[in-house]
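Visitor: I would like to learn how to read a structure like this one. Please take me through it feature by feature.

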Amino acid sequence: MAKGRVSIVVERCKACGFCVEFCPSHVLALSSTFNSKGYHPPHAVHPEKCSGCDLCGMYCPDFAICATKTDAPKKADPAKEGDK
Ligand code: SF4
Ligand code: SF4
């Protein structure tokens with residue numbers, strides 16, 4: 001199961017490929033579709049492998065991609081704590 005989720009803002013992408021190249025889990029590939037500027041944005045070909053490390057977001061010069069962790073530790077339920 002994926003530990004992270006990657007989001008791509010297709011219209012900001014200039015297809016430099018940094019995110020594809022530097023993703024340690026090989027989640028991404030440049031798509032064959034074009035955005036309105038004529039670039040091929042990335043898409044997640046293996047979303048289940050995403051760790052949510054956000055390296056793609058750190059390398060992207062155009063702030064076109066970012067990721068979040070999906071396995072955040074569960075917080076105590078405050079409703080139950082008041083049940084004492
Ligand atoms: S968050 Fe990490 S594992 Fe997920 S796509 Fe970005 S670089 Fe790859
Ligand atoms: S690093 Fe950013 S601009 Fe470059 S291909 Fe990836 S999303 Fe597009």
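Visitor: How much of the protein counts as buried?
Guide: A residue is buried if 20 or more other C-beta atoms lie within 10 Å of its own, exposed if 12 or fewer, and partly exposed in between, with C-beta atoms placed from the backbone. Of the 84 residues of the protein, 19% are buried. This is a predicted model, in which local features need pLDDT of at least 70, side-chain atom pairs count only at pLDDT 80 or more, and totals for chains, interfaces and linings use all residues. Residues are numbered from 1 along each chain as its sequence is written, while chains are lettered from A and ligands numbered from 1 in the order in which they are written.

Visitor: What share of the contacts joins residues at least 24 apart?
Guide: Two residues are in contact if their C-beta atoms, placed from the backbone, lie within 7 Å. Among contacts between residues at least 6 apart in sequence, 60% join residues at least 24 apart.

Visitor: Which residues make up the centre of the largest nonpolar core?
Guide: In soluble globular proteins, nonpolar side chains tend to be buried together. A nonpolar core is a set of buried Ala, Val, Leu, Ile, Met, Phe, Trp, Tyr and Cys residues joined through C-beta atoms within 7 Å. The largest one here has 14 residues, and V6, C19, V27, L28, C56 and I65 have the most contacts inside it. Strand 1 and strand 4 (65-69) are the elements that give two or more residues to this core. Leaving out residues up to four places away in sequence, C56 touches V6, C19, F22, C23, L28, I65 and A67.

Visitor: Which residues come nearest to ligand 1?
Guide: A residue is near a molecule if its C-beta atom, placed from the backbone, lies within 6 Å of it. Of the 14 residues around ligand 1, the nearest are C23, C50, C53, C56 and A67. Strand 1 (4-8) and helix 2 (55-59) are the elements that give two or more residues to this shell. For classes, Ala, Val, Leu, Ile, Met, Phe, Trp, Tyr, Cys and Pro count as nonpolar, Asp, Glu, Lys and Arg as charged, and the others, Gly among them, as polar. The shell around ligand 1 has nine nonpolar, four polar and one charged residues.

Visitor: What surrounds ligand 2?
Guide: Ligand 2 has 14 residues around it, with C13, C16, C19, C60 and A64 the closest. Its shell divides into eleven nonpolar, one polar and two charged residues.

Visitor: Where does E11 lie, and is it buried or exposed?
Guide: E11 sits in the loop between strand 1 and helix 1 (18-22). It is exposed because 12 other C-beta atoms lie within 10 Å. Apart from residues up to four places away in sequence, E11 touches N35 and S36.

Visitor: What is the phi of A15, and of D54?
Guide: A15 has a positive phi of about 60° although it is not a glycine, and A15 lies in the loop between strand 1 and helix 1. D54 has a positive phi of about 65°, again without being a glycine, and its place is in the loop between strand 3 (42-44) and helix 2. D54 counts as partly exposed because it has 17 C-beta neighbours inside 10 Å.

Definitions and conventions
Helix = DSSP H or I, 4+ residues; strand = E, 2+ residues; numbered from the N terminus.
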